[in-house]
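Colleague: I would like to learn how to read a structure like this one. Can you take me through it feature by feature?

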Amino acid sequence: MLAATVVPGKPEQAGVSEVPEPAAAEGSIEVEALLAGVCGTDYEITHEGYGWVPPGHDRLVLFHESLGRVTAAPAGSGFAAGDLVVGIVRRPCGKCAPCAAGGWDFCLTGDYTERGIKQRDGYGAQRWRIEPEFAVTMDPKLGRLGVLTEPTSVVAKAWDQVDQIGRRAYADPRIALVTGAGPIGLLAAMIGVQRGLEVHVLDRVTSGRKPDLVRQLGATYHSGAVADLPVRPDVVIEATGAGQVVFDALQHTAKNAITCLTGISGGTRTLPVGADALNKELVLDNDVVFGSVNANRRHYELAAQALARADATWLERLLTRTVPLASWPDALQKADDDVKVVVDLQAVS
Ligand code: BGC
């Protein structure tokens, strides 16, 4: 079968390879792949050398955002041929208490593995296998929109953590700010709107698909500086990973605000920060700022529910481009108005 393969940090070697059929050890459920979603991490793996090839292999099968159809599953597994499924990214380290309790997103050792990222082949092959405990069934009516489950799981976790932190005191959040209108930001905004919050989204672009998508959600779009925003948010979901935006946002929150950082900064830029003033504000306002990465099974289930509740027409507009497996590296070349690019894993010519 064919697969999208990479050698991390060697973009000239990114391509389509003939690889063996998935091994039985990868799981008892057999899946025909439909789509893979492309994200910044895939770019970093291919071009910047993030990512780890599985031990003993010379390349990594890419992609961690999956969607497939079950072709065979053992009786009693909870899955049946025809089911639409998504695979969970991370596998527990087998050594720490959070992983043992199903909280691999809070792994303590760093020895977890991730499909398509860290020491495990990903979902970018024509067929894959998966363990029932790492597969999530999709509402069939979602169809190809199920490919949005993994990025949605990341923001479902972010919102879940905001809730848990909010329980420290009386909390009645009303205004949310999402910084960044890429897939993570837009999906975070979608969940904010589903929760009945007044949602504001800030991004650099001034026109095109992103502002439209924000308005169609019933949220308010802003471009420009955080400091100029007309509101002070109770909750911030930061999805740019840009240091300046992060620090500006921290200084523009309401009292008792909770800020979740989800963006993995690519750069190494330094910037002058008014550290004393920032510290004073965080303390006097009871502010919380926390980072969030990855997702566990419960977050995938929350994500599947959020997607099933969402307006399918709006979700469809997030899928801006479909690239055939045969030329998948084109999917990494981001066009200006792209939101989520997907790879059709059955399109081999
Ligand atoms: C994925 C996460 C993963 C992280 C770090 C992100 O793109 O969505 O599941 O944990 O990269 O490898």
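Modeller: We go through the domains, then a sheet, then the ligand site. Keep in mind that this is a predicted model.

Colleague: Start with the domains. Into which domains is the chain divided?

Modeller: Read the residue ranges before anything else. Domain 1 takes in 2-137 + 311-344. Domain 2 covers 153-291.

Colleague: How many Å separate the centres of domain 1 and domain 2?

Modeller: The separation is 28 Å, taken over C-alpha atoms.

Colleague: And how many residues of each domain are in contact with the other?

Modeller: Domain 1 contributes 12 residues, and these contact 13 residues of domain 2. As for interfaces in general, their size is often given as the accessible area lost when the parts come together.

Colleague: Now the sheet. What is the order of its strands?

Modeller: Look at order and direction together. The order is β2-β1-β4 in an open sheet of three strands, and the pairing is antiparallel.

Colleague: How many bridges join β1 to β2?

Modeller: Four bridges link β1, residues 2-6, to β2 in antiparallel fashion.

Colleague: Which side chains place a polar atom by a ligand oxygen, and at what distance in Å?

Modeller: Take them one by one. An N or O atom in the Thr 41 side chain is 2.6 Å from a ligand oxygen. For Glu 150, the distance from a polar side-chain atom to a ligand oxygen is 2.7 Å. The Tyr 50 side chain has an N or O atom 2.8 Å from an oxygen of the ligand.

Colleague: What percentage of the ligand's accessible area does the protein cover?

Modeller: The ligand on its own has 310 Å² of accessible area, and the protein covers 91% of it.

Terms used:
Residues numbered from 1 in each chain as written. Predicted model: local features only at pLDDT ≥ 70, side-chain atom pairs only at ≥ 80, totals over all residues. Heavy atoms only, no water. Polar contact = N/O pair within 3.5 Å; in protein donor to acceptor, adjacent residues only side chain to side chain. Areas by Shrake-Rupley, 256 points an atom, 1.4 Å probe, with all protein chains shown as cover. Pairing = 2+ DSSP bridges. Helix = DSSP H or I, 4+ residues; strand = E, 2+ residues; numbered from the N terminus. Domains from an automatic or database assignment. Contact = heavy atoms within 4.5 Å.
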